[in-house]
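User: I have a protein chain to go through. Could we discuss the model together?
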Amino acid sequence: MSPVVIAVVGVVVLLVLLALVVVSRYKVAGPSEAFIVTGRRGKRSTDPETGRVFTDNSGQKVVVGGGVFVVPFVQQRFTLDLSSRHIPVAVRGAVTLRGVKANLEGVAIVKVGGTEDAIRAAAQRFLMQQDGIVGFTQEVLSGALRAIVGRMSVEDVIRDRAAFAGQVAEEAEASLSGQGLVLDAFQIQDITTEGSYLEDLGRPEAARAKQEADIAEAVARRAAEQARLKAEEEIAVAQRTLYLKQAEIKAETDQAEARANASGPLAEAARQQDILAEQEKVAERQAALKDRQLDTEVRKPADAQRYAAEQEAEARRVARVKQAEAERAAGIAAAQAEAERARLTGEGEKQRRSALADAVRLEGDAEAAAIGARGAAEAEAMEKKADAFDRYGDAAVLQMLVEVLPQVVAKASEPLAAVDKMTVISTDGASRLTRTVADNVAQGMELLGSTTGVDLASLLKGITAKEGTAKEGITAKEGITAKGEAGRDTSENGKVEITD
C-alpha cells in the first residue's frame with residue numbers, strides 16, 4: 001500500500017471520528033426540558049448596596065427547546081425538568097378566625113418558571129435533587145394555608161373557596177418565585193373540622209332543604225295524583241262516549257233491520273188497507289145508492305100515501321069535530337035557551353042543572369066523537385101503512401132496520417163511551433174496539449132474533465140477494481141516458497146517481 005493511500009484513509013477516518021464526536025456532543029432539548037451548560041466563568045459584579053463583589057450566573061448557558069454543542073472536556077450539560085407537578089397539600093388542625101380547628105386538603109400545580117433567571121434559580125436549588133420541589137412546595141403552601149385560615153372563618157372558606165385559594169396562592173407566590181417555581185393553580189378539595197361543627201352548621205339548612213324537598217315531593221305527588229285522576233276521568237268519559245256511540249249505532253242498526261224486516265208486511269198491510277178503503281168506499285156508495293133507491297121507490301111513496309091518508313083522516317076528523325062542535329054549540333044554545341026559559345018561567349033550579357048536565361054530556365059526546373074520528377083516521381093511516389109495508393115487503397122492513405140500526409149501534413157502544421181511559425192489549429191494535437162494537441151489534445141482533453123469532457141476518461141476506469137481482473136489472477139498463485123519476489139520473493157509462 002502506498003503512503004498516499006494510507007494518508008487518505010487516515011484523513012477519512014479522522015474526519016469520520018470528528019463527525020461522530022460532533023454528533024455525539026450536539027444535544028437538543030425536549031419540549032419540557034431545559035439544558036444548563038456550564039463551563040464558562042460568569043461576570044464579576046459589585047453589589048451597590050453592600051459593595052460585595054460576586055460572580056453572576058451568566059457563565060451558565062440555558063437552552064430551552066433548542067440544540068447546543070457541548071464542548072468536550074470544557075463544558076458540562078445538565079437537564080432540568082420543566083413539566084408541571086401535581087402536589088397534594090394537606091393541613092391538619094389549622095385554627096380558623098373563630099378558633100375552630102379545620103382540616104384542609106388541596107392540590108397545587110407547580111412548575112419551573114420559563115425564564116432563564118427562573119431556570120437558573122431552580123437549577124441552583126433543585127438541579128441535583130429535583131424531587132425536592134414537591135416537599136418544598138408542600139411546606140410553603142402549608143404555611144400559607146395556615147396563615148390564610150387564621151384570618152378567615154370556616155363559613156368564609158366554604159362559601160368562597162376560589163377566593164381562599166387565590167389568597168393562598170398570593171401568599172405563597174413570593175416564596176415559590178424566589179426558588180424559580182411558578183404556582184399555576186391551587187384548589188381546595190376538602191374542608192373538615194374537628195367535632196361536628198360542619199354538621200351542626202349545616203343542620204338548619206339541611207332541615208330547611210329537607211322540608212322544601214318534602215314539600216316539593218308532596219306537591220309533585222299531588223300533581224301526579226291529580227294528573228292520574230284527570231287521566232282516569234278522561235278515560236272514563238271517553239269510554240262512556242264510546243259506549244253511548246256503540247249503543248246509538250246498535251239502536252240505529254236494529255231499527256234499520258226492523259224496518260227492513262217489517263217493510264214487506266207493512267207494504268202488504270198498506271196494500272190491504274188501501275183495498276179495504278176502496279171497498280169501504282164502494283160499500284158506502286152502494287149503501288147510499290140503496291138508500292136513495294129505497295127513499296125514492298119505497299119511503300117517499302109510502303110517506304106520500306101516509307101523508308094523504310093522514311090529511312084525509314084529518315079532514316074528516318076536522319069535519320066531524322066541527323060538526324060535533326056545531327051540534328054541541330047548538331045543544332048548548334038550546335040548553336041555555338031552555339035554561340033561560342026555565343029560569344024566566346021559574347021552573348026551578350032542577351031544570352037548570354038538568355040542562356047543564358045535558359050540555360056537559362053533549363060536550364063529552366062531541367069530544368068522544370072527535371077522539372073516535374082521530375083514532376079512526378090514525379087506524380086508517382096505519383092500515384094504509386101496513387098495506388104499504390105488505391106491498392113493499394122486505395124493503396119496508398129494511399127501511400125500519402136502517403132507521404133502527406144507528407140506535408142499536410149507539411146502545412151497543414154506550415159501555416165503551418163511559419170508559420175514561422182504555423189500554424188495548426191486542427195483536428189487532430185499536431181496530432179491536434170497532435170489532436167489539438160490531439160483535440155487540442151482532443149479539444144484539446141474535447138476541448132480538450131469539451126473542452122475536454125474526455131472523456134479521458137471513459132477512460138481510462134475502463134482501464141482498466134481491467139487491468143483486470136488482471143490480472142485474474140496472475146493469476141491463478146501462479147505456480141508457482134519461483132523466484128518471486123524482487130526480488133520478490142515469491149516465492152514459494152505466495153508473496147510476498140519485499139526487500133529491
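Analyst: pLDDT is the predictor's confidence in each residue, from 0 to 100. This is a predicted model, in which local features need pLDDT of at least 70 and side-chain atom pairs count only at pLDDT 80 or more, while totals for chains, interfaces and linings use all residues. Residues are numbered from 1 along each chain as its sequence is written, and side-chain values use heavy atoms, with hydrogens and water left out.

User: What pLDDT does the protein chain average?
Analyst: The protein chain averages 80, and 79% of the residues score at least 70.

User: Moving on, at what angle do helix 3 and helix 5 pack?
Analyst: Helix 3 (residues 132–149) packs against helix 5 (residues 161–178) at about 130°, and their axes are 9 Å apart. Helices here are DSSP runs of H or I with at least four residues, strands are E runs of at least two, and both are numbered from the N terminus. Axes are lines fitted to C-alpha atoms, for helices over the stretch in contact, with angles from 0 to 180 degrees between N-to-C directions.

User: Which residues meet there?
Analyst: Among them, Phe136 and Leu141 in helix 3 and Phe164 and Glu171 in helix 5 take part in the contact (heavy atoms within 4.5 Å).

User: And the sheet: what is the strand order?
Analyst: Three strands form an open sheet in the order 8-9-10, with antiparallel pairing; two strands pair if DSSP finds at least two bridges between them. The twist averages 20° from one strand to the next. Strand 9 (residues 101–112) is joined to strand 10 by 11 bridges.

User: Where does helix 5 lie?
Analyst: Helix 5 lies across strand 9 and strand 10, at about 135° to strand 10.
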